[in-house]
Amino acid sequence: MATISNAHSELIHDAVLDYYGKRLATCSSDKTIKIFEVENDTHKLVETLHGHEGPVWQVDWAHPKFGVILASCSYDGKVLIWKEENGRWVQTAVHAVHSASVNSVKWAPHEYGPFLLAASSDGKVSVVEFKENGTTAPVVLDAHAIGVNTASWASAALQDGSSSLQERRFVTGGADNLVKVWKYSPEANTYLVQDTLEGHTDWVRDVAWSPSMLLRSYLASVSQDRTCIIWTQENNQGPWKKTLLKDDKFPDVLWRASWSLSGNILAISGGDNKVTLWKENLEGKWESAGEVEQ
């Protein structure tokens, strides 16, 4: 296992491998993004990207069919798009529709096209499409009073075996303790709230939509209230069912939730610096699947 030390001069907030697992992007409170080439147990710093004026919270790689493209979001209220062209990294676009910190940035499943979802402390989420000749007009939505902490797309393959654009869905989590599920409406040419899910008693810090290809949709939400809730929906319609991941609270605030690529293992990380793994048993109960050694 490769360990990358002294990569940034301040706290690292995110680290994401690209589609092929060959490049690692990290971002930090030092306002920079670093790109590493990773091979076996070795890594090499190939680029440091400067452009943000505040801490950089999150980075996300676009699908390779769109090129070698990275999105980053920052406390400065901006989303920046970076592209590698002939071995050099350039900043190709700025998405600056938010008036406060942009806390989360996620590319849609590639089947939908080059759509980017951003969540901001200004209470809004935005969706923008990137074309060769620039961006389309962004869709900006009032999502959560006080601020949006996180957003996650639904898997394209979830939609009844088809990935029609009409079925684009995503989920958001906010400082109003709520989780909201959104769906694209072709008639209105915007995204509308499908469901508002209540269950947390403090800020929702992260939401993650499972990439599982089953007939059931799974959402995980984690909160400042030290709980993780699993939300399930049958056949992509009807009510969402709420299940606490475990009966008692976690020892500390929960920060992030992340599903395995197959969608059957859930990783949870929190303020105690531990990463715990969970899986669903045949009775539909969630049980511990171990802990990640740091």
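Q: What makes strand 23 and strand 24 a pair in this predicted model?
A: Strand 23 (residues 265–270) and strand 24 (residues 275–280) are joined by 5 bridges and run antiparallel. Pairing needs at least two bridges, so these strands count as paired. Ile268 has Thr276 of strand 24 as its bridge partner.

Q: Why are strand 22 and strand 25 called edge strands?
A: The open sheet has 4 strands in the order 22-23-24-25, with antiparallel pairing. Strand 22 (254–259) and strand 25 (286–292) each pair on one side only. From one strand to the next, the twist averages 25°.

Q: Why is the contact between Lys279 and Glu287 called a salt bridge?
A: The closest N and O atoms are 3.9 Å apart. The cut-off is 4 Å, so Lys279 and Glu287 qualify.

Q: Why does Lys279 count as partly exposed?
A: Its relative accessible area is 33%.

Q: What makes Arg23 and Asp18 a salt bridge, and are they buried or exposed?
A: Their closest N and O atoms are 3.9 Å apart. That is within 4 Å, so the pair counts. Arg23 is buried, and so is Asp18.

Q: Which residues are linked in a network of salt bridges?
A: Asp14, Asp206 and Arg256 are. The salt-bridge count comes to 9.

Q: What is the mean pLDDT of the protein chain, and where is the pLDDT below 50?
A: The mean is 90, and 93% of residues reach 70 or more. Over residues 158–163 the pLDDT is below 50. Where pLDDT is low, the predicted coordinates should not be read in detail.

Terms used:
Residues are numbered from 1 along each chain as its sequence is written. This is a predicted model: local features need pLDDT of at least 70, side-chain atom pairs count only at pLDDT 80 or more; totals for chains, interfaces and linings use all residues. Side-chain values use heavy atoms; hydrogens and water are left out. Axes are lines fitted to C-alpha atoms, for helices over the stretch in contact, and angles run from 0 to 180 degrees between N-to-C directions. pLDDT is the predictor's confidence in each residue, from 0 to 100. Contact means heavy atoms within 4.5 Å. A salt bridge is a side-chain nitrogen of Lys or Arg within 4 Å of a carboxyl oxygen of Asp or Glu. Buried means under 20% relative accessible area, exposed over 50%, partly exposed in between (1.4 Å probe, protein chains only).
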